[in-house]
Amino acid sequence: MASKFRIGSAVKTFITNNMVILVFSFLCIGGFHLSNLSLPFFVNDLISRIARNMFIVLALIIPVVAGMGLNFAVVLGAMGAQFALIMATHWGFAGFIGVMGAMVLSLPMNILFGYLTGKLFNRSKGKEMISGLILGFFALGIYQLILLVFIGTIIPMDNPDMVLSSGVGLRVSIDVMGLKYGLDHLWQMKLSHFTLLLTATTIGVNLFWYFRKERVPKRLVWSGISALFFIWGMAEVLSPTMTGNQRVPMATFGMIGLLCLFTAFVLRTKLGQNFKAVGQDQHIAFVSGIKVDRIRLIAIILSTVFAGFGQIMFIQNMGVFSTYGAHEQTGLFAVASILIGGATVAKANIGHAVLGTILFHSLFIISPLAAQTLFGNAQVGEYFRVFLAYGVIGAALALYAWKKLMAERAAFEAADSAS
C-alpha cells in the first residue's frame, strides 16, 4: 500500500512539474495527425527551424541562472547582428568567411549593447523583464533613426541595391544572398548518420557518468531512449528512406553544440557558481564577497553577444531579412520556446532550451495545416501561433508568481507554527 502511494505521488509530482511539456507534446502529436503532413517534409522543415533558432534560445540560459529572469533584451543583440550583416553585405562578404566576418563585426557592438543593458538592469533589479521589453522598444527607435535618416546623410553608403532611390535610408528588405547558407552548406550529413553519431555519443557519455561518477537512474533512462534512436538510425542506414536521407547542417549544429558545451562548462566554473549564488540570493552573495553587479553585467553581455551570433545564423539560413522588423519577434519566440521546454523565470538549462525549441517549432509547422483540417481555414492556425507565443509566456509568468506566493505562505505558516 505504501509503495502504491509512493508511485502515485511520484506520478502526480511528475505530471505537475512537467505539465507544460506534456500539454504541448500532446498538441504536437495530435496536430501532426490532423495536418496529414508527410514525415520527410516535417522533419526537413523542423531541422531547418532548429538550426536557425536554437542558438538564440540557448543565449537565454545564463541570465536566468544569474537571477535576471527571461532576457527580452536579446532583441538588442539581434539589432547589432543586423548592423553587422548590413556592413558585411555592403562590403561584399560572402560564404562561410563572410558569416564569420559578420559575427566578428557584431562582437564589439553587442558587447557595448550588453554592457549598457546590464547597467540598466542593475538599476532596475527585480524588474529586469519589463525593463528589457521597454528597452527593446526604445532601441528600435534609435535603430530606425540610424537606418532611415543617418544612412546616406551622416553615414555615406553608395549602394543602389541597399539604399533607397532618394539616396537616404535603407530599403525595406536586404538581400544577403552572398551569405545565404554560408554556414549551413559548409558541411552536411544525412539524418540517419547524424542520429547514429549523436546517440552513440549520448549513450557513451551517460554510461561513463553512471559508472564512474554518479549512479543516477536518469543516466540509464537517457541511454535507453538514445538506444531506441540508435536502432532507428541503423535501420535507416541499412534500408534508407526519404526521412533518413534528410540533410543536417553539421557546421550550424556544431556551433549549437559548442554553445551547449560552453554553457555547461561556464556553469561549473567559479564564474558559474557566482552566477548561481547571485541568482539564489543577491544579499547573501554580496555578503560572501561576490561583486553582484559585475556578475549580472557579465551574464547580460554573454547573452547579448550569443543572441547576435544566433541572429546571424538565422538570417544566413533565410538569405534575406526585413531591415526594420526582422529582430522584433526574436525575444518573444526565444522566450516562448524555452518556457515550453519546462523552464521558468528562475530556472533554465540546456535541456529546456533544446526540448522547447523542438516543441515550439513543431507546432509552428503543423498548426496551419491542422487548422485547415479542423476548421477549413489555415488562418486559424496563424492566430494559434500568435496565441501560443504570448499565451505560454503569460501562463508561465502567472504560474511562477503563484508558486512563489504559495512558497512564501508555506514558509510563513511554518514559522508561525514553530513560534
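1. In this note, two residues are in contact when heavy atoms of each lie within 4.5 Å. The structure is a predicted model, in which local features need pLDDT of at least 70 and side-chain atom pairs count only at pLDDT 80 or more, while totals for chains, interfaces and linings use all residues. Residues are numbered from 1 along each chain as its sequence is written, and side-chain values use heavy atoms, with hydrogens and water left out.

2. Asn71 is situated in the loop between α4 (61–65) and α5 (74–90); helices here are DSSP runs of H or I with at least four residues, strands are runs of E with at least two, and both are numbered from the N terminus. Apart from neighbours within four places in sequence, Asn71 is in contact with Leu60, Pro63, Phe121, Ile300 and Ser303.

3. Asn71 is buried, at a relative accessible area of 2%; buried means under 20%, exposed over 50%, and partly exposed in between (1.4 Å probe, protein chains only). The side chain of Asn71 reaches the backbone nitrogen of Ala73 at 3.1 Å.

4. The largest nonpolar core comprises 110 residues, and Leu70, Leu170, Phe275 and Ile338 have the most contacts inside it. Helix α13 (residues 292–318) gives the most to this core, namely 14 residues. Such a core is a set of buried Ala, Val, Leu, Ile, Met, Phe, Trp, Tyr and Cys residues joined through side-chain atoms within 4.5 Å.

Conventions:
Polar contact = N/O pair within 3.5 Å; in protein donor to acceptor, adjacent residues only side chain to side chain.
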